[in-house]
Amino acid sequence: MGRYKSPPLPSSKYITPEGATALKKELEYLWRRKRPAVTRAVAEAAAQGDRSENADYIYGKRQLGEIDHRIRHLRKRLDGIQIVDTVPSDCKKVFFGARFKLCDAQNQITAYRLVGPDEFDFEEQNLSMDSPLGIVVMGKSLDEQIVVETPEGKTKFTVIEISYTDK
């Protein structure tokens, strides 16, 4: 078996204004602060002599590679991304940027916001539009039932609230 790894499926190119700001801040931090600091540390470690056994040098070079990889990724994403800052014409359905609540069979209510793949965060209850639940809930109306395949099996949810306002 070869080492070929198929490329990942392209993710959606939508982002909220808040998400775009966060990506820009991360890029700015990595480029202006983190990368110069690591570059200085690598240069200092290289000046100490034998690089083959210098842990600071080896770790710093690896860290620099990871930073450069993330910078390239952020620049590429920011170049091809579309910031969505408008509310859809039909606010009675779940679309990008919607805040919505789902109720399961045990009457447990969970709130989410449908966002782009670059800004999903379970702690913030930001759900990627490319996730299985995000795909299924897209375009659904109030009181509509959805079925999602979970590790425990198929789970039914009912959309009980949809909003496009902040919190």
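Student: What makes the crossing of α1 and α2 left-handed or right-handed?

Tutor: A crossing is left-handed if the near helix is turned anticlockwise from the far one by less than a right angle, and right-handed if clockwise. Here α1 passes α2 in a left-handed crossing. Keep in mind that this is a predicted model, where local features need pLDDT of at least 70, side-chain atom pairs count only at pLDDT 80 or more, and totals for chains, interfaces and linings use all residues. Residues are numbered from 1 along each chain as its sequence is written, and side-chain values use heavy atoms, leaving out hydrogens and water.

Student: Why is α1 called roughly antiparallel to α2?

Tutor: The axes of α1 (residues 17-46) and α2 (residues 55-79) come within 9 Å and cross at roughly 155°. Angles over 145 degrees count as roughly antiparallel, so α1 gets that name relative to α2.

Student: Which classes of residue make up that contact?

Tutor: The contact of α1 with α2 has 15 nonpolar, 3 polar and 9 charged residues.

Student: Why is strand β3 described as largely enclosed?

Tutor: Buried means under 20% relative accessible area (1.4 Å probe, protein chains only). In β3 (residues 99-104), 5 of the 6 residues are buried, so the rest of the structure largely encloses this strand.

Student: How do you know which strands β3 pairs with?

Tutor: Two strands pair if DSSP finds at least two bridges between them. β3 has 5 bridges to β4 (residues 109-115), running antiparallel, with F100 opposite Y112 in β4. Another 6 bridges join β3 to β7 (residues 153-163), also antiparallel, and there C103 stands opposite T158.

Conventions:
Axes are lines fitted to C-alpha atoms, for helices over the stretch in contact, and angles run from 0 to 180 degrees between N-to-C directions. Helices (H or I, at least four residues) and strands (E, at least two) are DSSP runs, numbered from the N terminus. Angles under 35 degrees count as roughly parallel, over 145 as roughly antiparallel, 65 to 115 as roughly perpendicular and the rest as oblique. Ala, Val, Leu, Ile, Met, Phe, Trp, Tyr, Cys and Pro count as nonpolar, Asp, Glu, Lys and Arg as charged, and the others, Gly among them, as polar. Buried means under 20% relative accessible area, exposed over 50%, partly exposed in between (1.4 Å probe, protein chains only).
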